[in-house]
Amino acid sequence: MAIYKILFGTYTKRISKGLYEAELDTEKKLLQNPTLVGELTNPTYLAVSKANKVYAVENRDGQGGVVTFDNSVRPLAEIDAQLSEGSAPAYIGVDEARQLVYAGYYHRGTVEVYHINADGNLTLTDQWQNEGSGPRPEQGSSHIHFSNLTPDNRLVAVDLGADEVITFDVSDDGKLTEASRFTTEAGFGPRHIRFSPDGQYAYLLGELSSLLSVLKYNSEDGSFEHVQTASTIPADWTEHNGSAALRLSKDGHYIYASNRGHNSVAVFKVSNLGAEIERIQLISTEGEFPRDMNWDKDEQFLVVANQDTDNVSLYGRDSESGELSLLQKDFAIPEGVRVTFEY
């Protein structure tokens, strides 16, 4: 039996006030005790470091950026704010080995790199700007939706607007050097990427296309090669859908993708040493517009946040079959977007 703490990032457009925390009781198989722990404006994404700092996106007075909090106190105590003109990032990644933070800016089309100082403050070390567009209405310009590490400690940025995946070499002092650039099919709209446990394959989720692609990763130069693509939704689904979150089990055998519109989690089985995927389950999220989802460290429970219906659903996960079963569906978190377990 264990009690796990979970942080939820949200939009604050309607009723949410910022960052919330709740508990997962693994014995009762229930989420419980939702609490507001940090008042912020649209903290839609956050990451927690091993030093127990929370890095959250924030909008303030026409500026956007990354705010650092001490996660050992409640409410969260602000340490630092790195804000500049424009909107906030869509993604934050933490590089523990180099003590860097990566922020991917959707509306700006940029990746920013910060060094984590001994006092907890951040210092900007590099900024990279992409250009480009795609055929869909949402692809008028570069939109970086993901910026985090590859298994061999490069940085990979996913550009939804330009249909690109860009790989960088990263110096110890936080400078980026472009290593390789992969272009998807036009209109794929890539959003998030995950890597197989052995680092041989990557799985790229297309938000705009509702597709999941298998890519072969070449660690020599950071390049990708397309292998296979499968749909996250049924062939007869004609209404709008946008794929969102992507999770890969630690054993590399199962992949999970959330569907906003179809309002489901698609479960894929991985075979042929990581090269092939097959969709084996579609399960309702019991709410509308599911965003992020995450699991406990044993991957026995999956927590899914439904933004538009202000509820979170809890699933049990069968590690043998990979399939999900609903445990709880009406747990209230307002405008939920990001789901992060704390350890």
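Me: What does the radius of gyration rest on, and what value does the globule rule give for 343 residues?

Reply: The radius of gyration is taken over C-alpha atoms, and the globule rule is 2.2 Å times the number of residues to the power 0.38. This is a predicted model. For 343 residues, a compact globule would have a radius of gyration near 20 Å, and the protein, at 19 Å, agrees with that. The C-alpha trace spans about 45 × 45 × 35 Å along its principal axes.

Me: How many helices and how many strands are there in the protein?

Reply: The protein has zero helices and 28 strands. Among contacts between residues at least 6 apart in sequence, 46% join residues at least 24 apart.

Me: Which residues have the most contacts inside the largest nonpolar core?

Reply: Tyr-55, Ile-92, Ile-193 and Phe-224 have the most contacts inside this core, which has 29 residues. At least two residues of this core come from each of β5 (53-60), β8, β9 (100-105), β10 (110-116), β13 (155-159), β16, β17 (201-206) and β18 (211-218). Another core, of 16 residues, lies apart from it, with Tyr-4, Phe-301, Val-303 and Phe-331 among them.

Me: What does Tyr-55 contact, leaving aside its neighbours within four places in sequence?

Reply: The contacts of Tyr-55, with those neighbours left aside, include Tyr-45, Leu-46, Ala-47, Val-66, Val-67, Ile-92, Val-94, Val-101, Ile-116 and Leu-122. Ser-49 and Thr-68 are also in contact with Tyr-55.

Me: How is a pocket to be described, and which residues lie nearest the centre of the largest one?

Reply: The largest pocket holds about 1300 Å³ of space. Its lining consists of 35 residues, and Asn-148, Arg-194, Arg-247, Asn-294 and Arg-338 lie nearest its centre. The elements that give two or more residues to this lining are β4 (46-48), β8 (91-95), β12 (144-149), β16 (190-195), β20 (242-248), β24 (290-295) and β28 (336-342). By class, the lining of the largest pocket has 17 nonpolar, eight polar and ten charged residues.

Me: Which element gives the most to the lining of the second largest pocket?

Reply: β20 gives the most, with three residues. β16, β20 and β24 each supply at least two residues of that lining. The second largest pocket holds about 640 Å³ of space. Of its 29 lining residues, Tyr-11, Ala-90, Tyr-106, His-145 and Arg-291 are the closest to its centre. The lining divides into eleven nonpolar, eleven polar and seven charged residues.

Me: Where does Ala-275 lie, and is Ala-275 buried or exposed?

Reply: Ala-275 is found in the loop between β22 and β23. With a relative accessible area of 7%, Ala-275 is buried. Not counting residues up to four places away in sequence, Ala-275 touches Tyr-201, Val-214, Val-227 and Gln-228.

Me: What is phi of Leu-273, and where does Leu-273 lie?

Reply: Phi of Leu-273 is near 60°, a positive value in a residue other than glycine. Leu-273 is placed in the loop between β22 (264-271) and β23 (276-284). Leu-273 counts as exposed because its relative accessibility is 78%. Asp-310 also has a positive phi, near 55°. Asp-310 lies in the loop between β25 (301-306) and β26 (311-317), and its relative accessible area of 17% makes Asp-310 buried.

Me: Which peptide bond is cis, with omega near 0°?

Reply: The bond from Arg-74 to Pro-75 is cis. Pro-75 is located in the loop between β6 (63-70) and β7 (77-85).

Methods: Residues are numbered from 1 along each chain as its sequence is written. This is a predicted model: local features need pLDDT of at least 70, side-chain atom pairs count only at pLDDT 80 or more; totals for chains, interfaces and linings use all residues. Side-chain values use heavy atoms; hydrogens and water are left out. On a 1 Å grid over the protein atoms alone, a cavity is a set of points where a 1.4 Å probe fits but cannot get out, and a pocket is an open set with protein on both sides within 12 Å along at least five of seven lines; lining residues have an atom within 4 Å of a point. Grid points are joined across faces, edges and corners, and a volume is the space filled by probe spheres set on the points. Helices (H or I, at least four residues) and strands (E, at least two) are DSSP runs, numbered from the N terminus. Ala, Val, Leu, Ile, Met, Phe, Trp, Tyr, Cys and Pro count as nonpolar, Asp, Glu, Lys and Arg as charged, and the others, Gly among them, as polar. A nonpolar core is a set of buried Ala, Val, Leu, Ile, Met, Phe, Trp, Tyr and Cys residues joined through side-chain atoms within 4.5 Å. Buried means under 20% relative accessible area, exposed over 50%, partly exposed in between (1.4 Å probe, protein chains only). Contact means heavy atoms within 4.5 Å.
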